[in-house]
Amino acid sequence: AMAGIIGLMMLSQHQMETVFSDANYANINTASKVVIDQQSAQAVAVAKDAAKNITMMFGALILLAIGVMGFVITRSLRKQIGGEPNDVLEIANSIANGDLNRAISLEHGDTSSLMASMKVMQQTLKSVIDEQTAMSAENKAGNLKAAINSAQFKGSYKTMAENINLMAVNQADVMRKTAQCIAEFANGDFDAPLERFTGQRIFIN
């Protein structure tokens, strides 16, 4: 029925009149012709309204599809980021400026988002600093063998911890050699050798 209405809509007034043969149409009285013309006009109007409704329906479906796609894309991006973009940016700036105390909240089970990675980085940096602080306190207390457990770190963080340990060992080695030389002086051996230090440590010699 809809196909018939659309077909009628596509017919011009002239085409619709030619549906009837000239002989049959001539035998129809004037009143009947008016009724036929009115019915034809109503059919065309109905077909136009139906086409308009169909067009609006397709437009609404397209808008709905675009909305659903936008929602899916936004949800996927938010899942990859792990939070609101503005929150992620603020946290990244905080870490870059040395503020490692800002709380980072993650959704339950989130271990792969950008926010989760930044939280791991924040915690690792804090661990390196905490280890360094503890080592410094031990050295100040007289424990010259205190060192950072570099095995708990990976990549550049491990290299950083190892370099701190190496620096502490070098300083302790200089102190040990100097103390040994002074001990020999105390025993009357003024010919005791002392390694020739380099850089600013040459003042010891």
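**Salt bridges and a helix face**

The count of salt bridges here comes to 4, a salt bridge being a side-chain nitrogen of Lys or Arg within 4 Å of a carboxyl oxygen of Asp or Glu. This is a predicted model: local features need pLDDT of at least 70, side-chain atom pairs count only at pLDDT 80 or more, and totals for chains, interfaces and linings use all residues. Residues are numbered from 1 along each chain as its sequence is written, and side-chain values use heavy atoms, with hydrogens and water left out.

Trainee: Which residue forms a salt bridge with K177, the closest N and O atoms being 2.2 Å apart?

Mentor: Side chains of opposite charge can pair when their charged atoms come close. Here the partner of K177 is E195. The pair links distant parts of the chain, with E195 in the segment after α7 and K177 in helix α7, 18 residues apart. Salt bridges that share partners join D173, R176, K177 and E195 into one network. Helices are DSSP runs (H or I, at least four residues), numbered from the N terminus.

Trainee: Which residues of α5 are buried?

Mentor: An α-helix has 3.6 residues a turn, so residues three or four places apart point the same way. In α5, V88, I91, S94 and I95 are buried (under 20% relative accessible area; exposed is over 50%, partly exposed in between; 1.4 Å probe, protein chains only). Seen down the axis of α5, these residues fall within an arc of 125°, so they line one face of the helix; the arc is that of the directions from the helix axis to the C-beta atoms. P85, N86, L89 and A96 are exposed on the other side of α5.

Notes
Helix = DSSP H or I, 4+ residues; strand = E, 2+ residues; numbered from the N terminus.
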